[in-house]
Amino acid sequence: MIDNFAKQLPRRRSVPVKVGNVTVGGDAPIVVQSMTNTDTADADATVAQVAALARAGSEIVRITVDRPEAAAQVARIKDRLDRIGIDVPLVGDFHYIGHKLLTDYPDCAAALDKYRINPGNVGFKAKRDTQFSQIIDIAQKHDKAVRIGVNWGSLDQELLTRLMDENSTSDKPVSAAAVMREAIIQSGLLSGERAEALGMARDKVILSAKVSQVQDLIAVYADLARRCDYALHLGLTEAGMGTKGIVSSAASMGILLQQGIGDTIRVSLTPEPGGDRTREVQVAQELLQVMGFRAFVPVVAACPGCGRTTSTVFQELASDIQDHIRVSMPGWREQYPGVENLNVAVMGCIVNGPGESKHADIGISLPGTGETPSAPVFVDGEKVTTLRGDDIADDFKKMVLDYIENRYGKGAMSPSSADIA
């Protein structure tokens, strides 16, 4: 099975970091996280979006803390989330004046579970070390983790210039792109070492090194992973919109995850106008699930359709079931432990339909064009009935819900117990 194979893949050993009630790194599962795009000064909008992201499955949520008006709302946002039962760790994203905001708003510093520091703009020239030190001191005072997040769009220009100059006089110069990658890596490693020199424990530091090109991301993280044991936050920055952003993120992070690199991931999608921010959470979950690293929601397998399946019944049924599952999952996680491992098959004709349905926990093979109007249903590999008539879709959806209740309901044996019995 794919999931068993994934569990056997070697995973880079990193130092585990506690972020609120979530562990990142070590032996912990790869964590899904996301970021709001609301104005944090608008507490109502931010609470609503954090809650939506958490309910969609984001296990850590980052919010922008860019000015006093935003910092003043963070503790209130955290309190309101607690009151509505959303216990998701909050990360503050700081640039330029993070040291001042954390100092001037101690309630903000206390409420956040992690601070994100960008070494490219934490401070400039003589102020860089001082302002970085201030944030590290505050993090230690409040026992908070930090993410040192390097981004090639805001890279430390002094470091980059020095490395470029050294490369130009080297006997074996490398490409400008290679120097850029080295600057990104060094920026993160040097900042991590600086944090430790200031007294921060190694198990409080997470690194990220984000770029926006697939091959650069793979190269940077592969090298970074060889050179440290810090927990790594993985993500392709400015991935883009729609299928481009999804494909780019999946291609780059999929390769790295297969190599055992990455302790927490974020898929940075540009939302469609008026689009749903939770889409990036869904994509991150699906990436981890299809690769066999984690299970989040039941899998609905459906055939792609062809000239044998001119009816749209199988498409509509697969869509109905998948939508129902995703909408129901927040409640099902408590009501039906283990339901995320369910596999459902909705097939459109007799060619592969019966075989695929047998491989699923519960599956149906709908009639294709010109085939007998009957639909065999398979449960745990055995044919249990044949559905006919105008209500095939509704009848099968009921069977799926009955299967979930019988297998994962409170009174049912867990799948592992059933295997032993």
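These are my notebook entries on a predicted model of a single chain.

**Overall look**

I get 15 helices and 17 strands. Along the principal axes, the C-alpha atoms fill a box of roughly 80 × 55 × 45 Å. I also checked how far apart in sequence the contacts reach: taking those between residues at least 6 apart, 67% join residues at least 24 apart.

**The barrel**

Next I traced the strand order and found a closed barrel of eight strands, S3-S4-S5-S6-S7-S8-S9-S11, with parallel pairing. Met-35 has Arg-62 of S4 as its bridge partner. Helix H2 (residues 43–56) packs on this sheet and touches S3, S4 and S5 (90–94). I read about 155 degrees between the direction of H2 and that of S4.

**H10 against H11**

Then I turned to a helix pair. H10 covers residues 242–258 and H11 residues 279–290; their axes come within 11 Å and cross at roughly 40 degrees. The crossing is right-handed. Which residues make the contact? From H10 I list Ile-246, Ala-250, Met-253, Gly-254 and Leu-257, and from H11 Arg-279, Val-283, Leu-287 and Leu-288. By type, I sort this contact into seven nonpolar residues, one polar and one charged.

**Cores**

The largest has 108 residues, and Tyr-115, Val-346, Ile-364 and Phe-396 have the most contacts inside it. There is a second, separate core of 10 residues, with Val-17, Val-19, Ile-60 and Ala-145 among them.

Asp-143 has one, at about 55 degrees. Buried or exposed? Asp-143 is exposed, because its relative accessible area is 54% and the cut-off for exposed is over 50%.

Asp-380 is another entry for this list, with a positive phi near 50 degrees. I find Asp-380 in the loop that links strand S16 (374–379) to strand S17 (382–388).

Note on methods
Residues are numbered from 1 along each chain as its sequence is written. This is a predicted model: local features need pLDDT of at least 70, side-chain atom pairs count only at pLDDT 80 or more; totals for chains, interfaces and linings use all residues. Side-chain values use heavy atoms; hydrogens and water are left out. Axes are lines fitted to C-alpha atoms, for helices over the stretch in contact, and angles run from 0 to 180 degrees between N-to-C directions. Helices (H or I, at least four residues) and strands (E, at least two) are DSSP runs, numbered from the N terminus. A crossing is left-handed if the near helix is turned anticlockwise from the far one by less than a right angle, and right-handed if clockwise. Contact means heavy atoms within 4.5 Å. Ala, Val, Leu, Ile, Met, Phe, Trp, Tyr, Cys and Pro count as nonpolar, Asp, Glu, Lys and Arg as charged, and the others, Gly among them, as polar. Two strands pair if DSSP finds at least two bridges between them. A nonpolar core is a set of buried Ala, Val, Leu, Ile, Met, Phe, Trp, Tyr and Cys residues joined through side-chain atoms within 4.5 Å. Buried means under 20% relative accessible area, exposed over 50%, partly exposed in between (1.4 Å probe, protein chains only).
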